[in-house]
Amino acid sequence: MNRFAGLIDRVGYEPRRNAKIRLLADYFRTTPDPERGFALAALTGALTFRHAKPGIIRGLAMERTDPVLFRLSRDYVGDTSETIALIWRAPDPRPPHAEAAAAGSPRSTADDGASFEASLREAPQDEDAGGRAAIGHNHPPADGPLLSEVVEGLTHAGKAELPALIASWLDALDETGRWALLKLITGELRIGVSARLAKTAVASLGEGIAPDDVEQVWHGLAPPYLDLFAWVEGRGERPESIDPAPFRPPMLAHPVEDEDFAKLDAADFRAEWKWDGIRLQAVAGRDGDGETVRRIYSRTGEDVSAAFPDLVEALDFDGALDGELLIVREGRVESFNVLQQRLNRKTVTPKMLTEFPAHLRVYDLLVLDGEDLRERPYDERRRLLEDLVARLGEPRIDLSPQIPFASWDDLAAARADPASAGAGPDADAIEGCMLKRADSPYLPGRPKGPWWKWKRDPYLVDAVMMYAQRGSGKRSSFYSDYTFGCWRDGESGPELVPVGKAYFGFTDAELLKLDRFVRNHTTQRFGPVREVAYGPDRGLVLEVAFEGIQRSARHKSGVAMRFPRINRIRWDKPAGEADRLDALERILSKGETEMHPTGGAGP
Amino acid sequence: MASRAADLLTLTPQGLYCPAGDFHVDPLRPVERALVTHGHSDHARFGHGHVMATRETLAIMAIRYGEDFARSTQEAVLGEVVRVGDVTVTFVPAGHVLGSAQIVIEQGGHGSSCRLVVSGDYKRGRDPTCLPYEPVACDVFITEATFGLPVFRHPDVRDEVAKLLQSVRLFPERAHIVGAYALGKAQRVMALLREAGYDEPIWLHGAMERLTDYYRSEGIALGETPKVAAADRASLKGAIVICPPSSIQDVWARRFPDPVTAFASGWMRVRARARQKGVELPLVISDHCDWDDLCRSILETQAEEVWVTHGQEDALVHWCRSRGIRAKPLHLLGYGDEEAGEADEALADATPAEAEA
Ligand SMILES: [Zn+2]
């Protein structure tokens, strides 16, 4: 447990992806089974404990601490689990007199027999050589609980036994160990490690094993993953996936650049719309007992079935579909803004299911009736997909249409105006085209060549930098998050109103210059935020690219940008010539949707 | 006794004042006569008329402020009882940094004496660079409470140093930048690294140099500690570099190869604090008492009354009262920011090229 705690403590502070993988891999390499397997389970969210609840922990802490001191501490630390982990005090097993001799006697006092409370006894600093065995002050016994014991205990112990069991573990662990245990119990083990990252670290233990290979076998496995580790370390066979509805890593596309078209022959490709929704994989299959298992996965392999019960019940087939989650109302695809409203809701309610009906627009078929189709060419999979969708006759699942074209110019025209190229009223939910080679197999990952995405050009606006904030992690010494504004008419003439915030889109070299600009033009500081000089005749113009815009009651300007990033730094442009808020209003008026992120209905 | 103690040591805008001896202790502003517990810039300030402190503290003040930091000085010998006006004072080791001392103030003769101890900053944890704290029995104990909450229990410093060395082993291509106060913490970290068997050069930010040289001249073994030249930075793969806390997020630190940002401080015990500072490798190494040691020290002095100068006063006062010890917070503003003065030093030391970059 202590090693696991040390790992998650360190990883939690580490901002760099590769360094996280190194730390995880180092842990997996040097930690024996089954400990590392339970750690992997904890990191991938594969553990849930029925009876272990935060309430138990609070109760235990209250039994042992002065309420005033606990409150002051909680206020200071800001996190209840962490407060308990730090404040927890193991009962001192040493008899009260054992230390009277060791404690330094106060200088120049007649009486050195001061009687101190046992709970405050502590080895003085000079008693150093053999003094590390002392218990209670961060010197827990070396034999604190193993992670496997903790997992076992939390899984099997009855409700009545749990408090005493947890207390005994807390007594035996140090601060970091207690923190990790409490986070494990409360299910708040958020340390910036995705399941994918943990699997990548496992894959790195082996020779020639890719993260996707681990992904392929993952759903057939269970903690503590002995067969998985044996396989990646070359000591065992590849585990057979026995999950009837497993996740298969999706095939991704590269962005196509203008110069790429010269090398590509339009006749080799098929085109589809690129939908502005959420990529999903819908899988259904029969398990050993003949029961149908249906699952919906996110692009990264997270099982998100629980969020889409309306779609799950529509998965009446045996196979795996690749498609886009959209909201379709009265036969018409709604914009991403509307989809966002469903995604923002934490719980699934019947009202939400009717108000925001989930729809799956499919574009590929990976498996059908037990047969893996991924090696087959795109055209063949497409034919089977069209047959399947027709056979299903399910209104919530339909086919993403192909775009007819003979030349790249044809396709460019369609992309520029999807509404007249067959998309009709669904055009608002289209963000470009997909190009797929007619002969392409379905390959996991992002192979270069077979699939391309040709996104609609982003919207651009010239805005003025108003505030800058330090970044996080590797960029924490740079002012790398910029709030920018557009002009509007204020009480006393033109004024800038913040319209968004962007923290990427620039090169490292540009970041250095932007950082220097901020430092040299600071007018005010608010903690980590600096206000920079701006006005009609001073300030820095940023060309901001973004994918869409929506109304927002939370923003002073009344609008919020989607996916804003710095497209260009306009060192040359006077701030007075930056865009007005009206420019954004115009883009907004082209879209039909009135967006109320707070959840209320539109006026 | 309480009222007598209150007469013996009063609170003035300049800080704690002893009318019978006509001197201030660690005054926050220039005064005629100052007794100084230790060299941190929040306790040892520039511009007093006369300063009495340990030899080391006087030397540290001279290094920081120049030889003329006060009109005259007087060396306090540890353990020696010295008459000042109508009281006697004694300096006793506080274990905080090199030269740090508690100041014992005593008045009156047999049977009716009153003894106060001003602890200054102090700690009980292992520190190879200074004399250990010695408990002094007294009537009134005037203590700090920097880490005066029961969530603060400092871990064994050797485990923290091991954490740093393990990271250096795992990331041999990255530089480890360790933020540490220029006086005391920096040298303690160096000494602890040496104790742990680390014998590579430990690289220093320029702001660390003079005080580190002084520690060395006092016979404290710190091994090889070259100063980082601006041009060296990019080549320091796998190196440990110690700099002032204000520099870890600074332009200066960016030039090292893929730096790992570490910070040696008791505050690193609280995750939100470490995150806030952008620290990736928090090292819980403190030169102050943790909660247990504050409580233990109070009990060991057998004081009837405790005054808490600064820090988390409320919790410690509550604890004292719940044990029948009279206690009051002094709310002395101005202590506790050991970094303040050092940030300026770091800035002054940065070369023009660095400030530009
Ligand atoms: Zn200090």
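## Salt bridges and polar contacts

Eight salt bridges link chain B and chain A in this predicted model. One of them pairs E173(B) with R22(A), whose closest N and O atoms sit 3.3 Å apart.

Now for what chain B brings to its side. The elements giving two or more residues there are α3 (157–170), α6 (251–254), α7 (271–276), β16 (281–283), α8 (291–301) and α9 (313–322) of chain B. Of these, α8(B) hands over the largest share, seven residues. Sorted by class, the side of chain B that touches chain A holds 31 nonpolar, nine polar and 28 charged residues.

## How much is buried

On the contact count, 68 residues of chain B meet 59 residues of chain A. Interface size is often quoted as the accessible area lost when the parts come together. Here the area buried between chain B and chain A comes to about 5300 Å², with carbon and sulfur atoms giving 48% of that. Three arginines stand out: R153(B), R254(B) and R271(B) supply 15% of the area that chain B buries against chain A, more than any other three residues.

## Confidence in chain A

Chain A has a mean pLDDT of 83, and 88% of its residues reach 70 or more.

Note on methods: Residues numbered from 1 in each chain as written. Chains lettered and ligands numbered in written order. Predicted model: local features only at pLDDT ≥ 70, side-chain atom pairs only at ≥ 80, totals over all residues. Heavy atoms only, no water. Contact = heavy atoms within 4.5 Å. Buried area = accessible area lost by both parts, 1.4 Å probe. Salt bridge = Lys/Arg side-chain N within 4 Å of Asp/Glu carboxyl O. Helix = DSSP H or I, 4+ residues; strand = E, 2+ residues; numbered from the N terminus. Nonpolar A, V, L, I, M, F, W, Y, C, P; charged D, E, K, R; others polar. pLDDT = per-residue confidence, 0-100.
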